[in-house]
Amino acid sequence: MITLGGQILQSEPEGYATIRPGVVEIAEGRIVGVEFGQVSNRVDHGGPDALICPGFIDTHLHLPQFDSIGAAGMRLLPWLKDVIFPAEQRWNDLDFAKSMIDRVARQCLGVGTTGVCAYATVNHEATIAALTAFRDIGFRGVIGQVMMDRDAPPPLLRPRGQLIDEVSRTLDQFPPDRPMAAAVTPRFALSCSEALLEDAGRLAASYDAIVQTHLAETVAECDAVGKRFGGRDYVNVYACAALLTPRSILGHGIHLDSQSQDRLARCGSIIAHCPTANSFLGSGTMNRHSHLSHGIPLTLGSDIGAGFERSMVRVGRAMIEAAMRISLAAGHGVDDQVRIPSAAEAWHQITAGNAAALRWNDVGRIAVDQRADLLVIRPDIAWLDSRQPLATLMFAWDDRWIETTILEGRVRFCSA
Ligand SMILES: [Zn+2]
């Protein structure tokens, strides 16, 4: 049995987080007890001033892009061609891919990310290596072999039949009901033939797998999709390929009209909001309030390497800032509590909120029977004296405060 003591982050059903002092007990990879009340110093980890928090869930990131963060001054499509495709080509060298996978996993643990919805590359062996490494460390989530059969450099293209065969094998080896599973991951409409999109949709249906792709990130991309697919709008292209399911995670979703929003809501497909990536590439600002009003489930993701923040806390902060920009531009002001999420809502989003949208019922909350994917955070500021401790933590955030990252009850990162 391991005990963690401190301020326990609790997610309320209304969609925000609170803190209460108490002790969390862990055994055999699960939370077996949560007792609220006085925290003594006789716990294994933490103490009265520590925050005990569920591990963060990053619902959109690219493992091969961690070395590409910060390639500034480019828009999406040229950035893909000049920065990202060369980086992803390096994963065709399996030794390089494996060493990078280890580095990336360590970085995730160091910033408190314990759940991922990640893209690998088109390389099958490298994707299996990533799934194996992340599973063995104890991460929760999905990783997908990227599917591309057009409009990328030849070393990153695969024939459609080969892609379907390889991705089927990743799904056999890492089935969707496992804590670390394969996902069906056509990169985006422009890098896939229509036949590949349709095959990917069929494959996802036959395994009931998570689908990952990108949607409506930039205006130029939407225009190119319209031209390529005979004037059809972007959401319709994916709908025709049966890629819009309640298990589909669509990165970005910035440039969508009301009709597309309604359609996504009817399909129950999830938009992964990636505010840091959107500001970095100058893609636009997603209107969170508008999507939520239409009934679209939202998650939050770093989208590394367009996103420049590894820390989901800082991505949470960027979500607040993006909503504030939208509210200001629309003349609603900076005090609009309907349109601008609070820090308490952002803490909820990066933990229980992301888990709930993904229907991961075993993580994201601190409660008995949840997986013990937990963080012990020890801020070096007097955060509990603040009027809004969770806002103070989020806006003053320092990754060095993460003292311990625990996956399935095992300490996988320790700053000391
Ligand atoms: Zn992405």
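The model is predicted: local features need pLDDT of at least 70, side-chain atom pairs count only at pLDDT 80 or more, and totals for chains, interfaces and linings use all residues. Residues are numbered from 1 along each chain as its sequence is written, and side-chain values use heavy atoms, with hydrogens and water left out.

**Entry 1: His252.** I located His252 in strand 10 (strands, E, of at least two residues, and helices, H or I, of at least four, are DSSP runs numbered from the N terminus). Is His252 buried or exposed? I found His252 buried, with a relative accessible area of 0% (buried is under 20%, exposed over 50%, partly exposed in between, with a 1.4 Å probe and protein chains only). Leaving out residues up to four places away in sequence, I listed what His252 touches, including His60, His214, Glu217, Cys274 and Asp303 (contact means heavy atoms within 4.5 Å).

**Entry 2: helix 8.** I then looked up helix 8, residues 258-267, where Ser260, Gln261 and Leu264 are buried. They lie on the same side of helix 8 because they cover an arc of only 100° around the axis (taken from the directions from the helix axis to the C-beta atoms). On the other side, Gln259 and Arg266 are exposed. I noted that the buried residues pack against several elements, among them strand 10 (248-252) and helix 10 (288-294). Just after helix 8, Gly268 has a positive phi of about 75°.

**Entry 3: helices 2 and 3.** I next examined helix 2 (residues 94-110) and helix 3 (residues 124-137), whose axes come within 10 Å and cross at roughly 35° (axes are lines fitted to C-alpha atoms, for helices over the stretch in contact, and angles run from 0 to 180 degrees between N-to-C directions). The contact includes Leu94, Ile101 and Leu109 of helix 2, and Ala126, Phe134 and Ile137 of helix 3.

**Entry 4: Val23.** I placed Val23 in strand 2 (residues 16-27) and found Val23 buried, at a relative accessible area of 18%. Val23 and Val43 stand 20 residues apart in sequence and 7.9 Å apart in space, C-alpha to C-alpha. Apart from neighbours within four places in sequence, Val23 is in contact with Thr3, Leu4, Gly5, Ile8, Gly33, Val34, Glu35 and Val43.
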